[in-house]
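Hello,

Here is the structure we talked about. Please open it alongside this note.

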Amino acid sequence: MSAAAPSDLHELTLTEAAALVRDKRLSPVEYLRALRARAAALEPKLNAFIRPLWDEAEAAAREAEAEIARSGPRSPLHGLPVGLKDIIDLAGHPTTCHSKILLDNVKQEDAAVVARLRAAGAVFPGKLATHEFAIGGPTFELPFPPARNPWNPAHHPGGSSSGSGTAVAARMLPAALGTDTGGSVRNPATQCGIVGMKPTYGLVSRRGVFPLSFTLDHVGPMTRTVADNALLLNAMAGYDPLDPGSVERPAEDYTRDLGGGLKGLRIGFVRHFHETDTPATPEVAAALEEAARLLAREGAVVRDITLPKLGEFAAVNRVILTSEAAAVHEPWLRERPGDYAPLTLRRLLPGMFVGGVDYVQAQRRRRELVAAVEAAFREVDLLLCASSMDPASRIDDEAETERTYPRQARTPFNVTGHPAISVMCGLSTGGLPIGMQFVGPSWSEALLYRAAAGYERAAGWVERRPAL
Amino acid sequence: MWRQTWGRSRPVPPPLLLRHHAPRFRSGETGMSSSEDEAREAESLARAAGLTKAWAEHRAAVLEAIAAARKFRDGFVRPADPAAEPMPSYRVPGTQEGAR
């Protein structure tokens with residue numbers, strides 16, 4: 001028996017669905033069917049899914065339902081669906097990376113993070129659109145069409161975890177996984193008005209996730225609410241001895257401080273990122289200022305703080321990312337350059353011309369940038385800063401997309417590895433979401449969720465939804 | 001002496017690849033135009049990188065990539081301390097505390 005009417009089940013958040021399943025008031029199968037119907041209605045204009053797997057997911061949901069009836073849920077995710085960006089391995093299916101090059105790349109094992117979710121009882125209704133190899137997009141020159149923004153399908157949804165952002169914002173799925181090397185969880189979260197967390201480097205295993213840049217890649221949860229995000233991270237996080245970057249730490253409950261509120265939190269506002277380093281459009285700047293005022297009204301102590309310039313973080317990120325990506329792609333760049341989309345080729349090729357000295361210099365400067373951000377955390381508990389400096393451009397406006405895509409403040413925290421969460425903080429005059437970031441010290445995800453949940457409750461943007 | 005010459009204010013030296021692979025002639029000596037020089041230089045770089053096929057089939061993308069790589073390297077200052085370690089540090093296998 002369901003608490004919500006069947007036609008409204010897609011509106012349930014992950015947390016709400018988990019509670020209803022636990023209380024045996026929601027059938028995981030019924031829930032999945034409602035989402036499938038939603039996807040069937042919306043997919044023709046949104047293109048979030050590369051490979052729908054609804055039948056397989058429904059069989060898993062049926063098994064979950066039987067197990068829950070017998071012995072209760074294994075975890076809050078038992079029987080609930082999570083979408084996977086198609087650079088993340090799912091046993092028995094191809095990981096195409098949205099590319100012609102890997103169309104037949106069938107994987108025999110789950111990625112480590114998928115195995116953790118499967119053990120928690122989650123089901124997987126599909127592989128989701130991305131930019132080609134998580135770098136080349138949006139573009140129409142690929143084997144699958146690009147995902148579109150649910151708030152206005154004429155616009156891009158951000159990337160590279162574009163299908164994940166689209167599917168969650170459009171309520172086709174309550175949750176999805178993305179990956180973030182230069183901001184690719186937080187960008188679609190920002191542009192689609194949802195919540196995206198890039199956890200601390202080493203918290204979530206990258207094993208079984210196609211690499212873009214070994215020292216910058218992160219896997220992160222994407223959901224509609226902060227509470228959902230914390231719930232999903234609970235199941236994703238954990239040490240993996242087979243991921244060389246994984247760090248062994250005690251397990252945490254990331255939902256534990258969601259109700260802690262903002263009072264007393266010392267927040268450093270990195271205003272120069274969007275005021276002088278990469279000036280934001282006026283409506284984005286205004287939304288950030290209003291968010292800072294709201295945080296102060298809610299009892300946070302907000303003060304300006306200065307970090308190294310945004311452009312320097314971006315340059316270090318580019319040198320490292322393109323070099324490491326070129327190492328991954330070298331054989332194909334040499335032998336099959338024509339099998340990439342032109343945009344992907346343009347973004348990957350520079351790494352073939354970055355010298356070894358420059359790569360090492362970037363990694364040396366990286367340590368200094370990390371130290372600068374660490375120093376800030378001796379003065380404040382959290383940072384507040386912009387995410388994208390512009391609302392999403394039209395997906396067919398290649399020049400505007402090329403201009404606005406790098407105008408962002410997410411790469412600094414790929415460079416440093418600190419956790420960062422994007423939450424919605426406004427709507428543009430064109431009706432597109434605006435987002436901002438909270439950033440914390442390493443391993444402070446619970447604190448970030450506390451701040452983000454406090455802001456979410458006070459601001460009310462979470463109630464806004466795309467008109468679909 | 002190191003610290004006097006390897007400071008933050010020191011301009012970034014010319015691209016290493018170009019120092020190694022730049023043609024050893026000048027336009028005036030060969031009679032070639034500078035654009036021909038540049039094309040030869042770019043082709044040399046592409047071949048050195050193993051991108052013969054890309055050079056033949058996607059020349060504009062290769063030229064753009066060479067220009068981008070030159071630009072990237074000017075975007076950040078070099079550490080002043082010659083002993084500054086890169087990140088992540090190398091750790092011998094078996095020292096499990098992650099990459100950082």
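Below is what came out of it, taken topic by topic. Please keep in mind that this is a predicted model.

**Where the chains meet**

Chain A puts 42 residues in contact with 35 residues of chain B. Helix 12 of chain A gives the most, with 12 residues. By class, the chain A side holds 20 nonpolar, 10 polar and 12 charged residues.

**The sheet in chain A**

Chain A has an open sheet of 11 strands with mixed pairing. The strand order is 1-3-2-4-6-5-10-11-9-7-8. Which strands stand at the edges? They are strand 1 (49–52) and strand 8 (301–304) of chain A. Each has a single partner strand, so one side of each is left without a neighbour in the sheet. On average, neighbouring strands are turned by 25 degrees against each other, direction ignored.

One pair to look at is strand 7 (residues 266–269) and strand 9 (residues 382–386) of chain A. These two run parallel and are joined by 3 bridges. In strand 9 of chain A, A:Leu382 stands opposite A:Ile267.

Helix 5 (residues 162–169) of chain A packs on the sheet. Helix 5 touches strand 1, strand 2 (83–85), strand 3 (126–128), strand 4 (175–180) and strand 6 (218–223) of chain A. Its direction makes about 155 degrees with that of strand 4 of chain A.

**A helix pair in chain A**

Now look at helix 2 (residues 28–46) and helix 3 (residues 54–71) of chain A. Their axes come within 8 Å and cross at roughly 160 degrees. An angle over 145 degrees counts as roughly antiparallel, so that is how helix 2 of chain A lies to helix 3 of chain A. The crossing of these two helices is right-handed.

Helix 2 of chain A makes this contact through A:Pro28, A:Val29, A:Leu32 and A:Arg36. Helix 3 of chain A brings several residues, among them A:Trp54, A:Ala57, A:Glu58 and A:Ala61. The contact has 7 nonpolar and 4 charged residues, and no polar ones.

**One helix in chain B**

Helix 4 (residues 34–48) of chain B has 15 residues. At 1.5 Å a residue, helix 4 of chain B should span 21 Å. Its end C-alpha atoms are 21 Å apart, which agrees. Just after this helix, B:Gly50 takes a positive phi of about 80 degrees.

Best wishes

Methods. Residues numbered from 1 in each chain as written. Chains lettered and ligands numbered in written order. Predicted model: local features only at pLDDT ≥ 70, side-chain atom pairs only at ≥ 80, totals over all residues. Contact = placed C-beta atoms within 7 Å. Helix = DSSP H or I, 4+ residues; strand = E, 2+ residues; numbered from the N terminus. Nonpolar A, V, L, I, M, F, W, Y, C, P; charged D, E, K, R; others polar. Pairing = 2+ DSSP bridges. Axes fitted to C-alpha atoms, helices over the stretch in contact; angles between N-to-C directions. Parallel < 35°, antiparallel > 145°, perpendicular 65-115°, else oblique. Left-handed = near helix turned anticlockwise from the far one by under 90°. Expected span 1.5 Å × (residues − 1).
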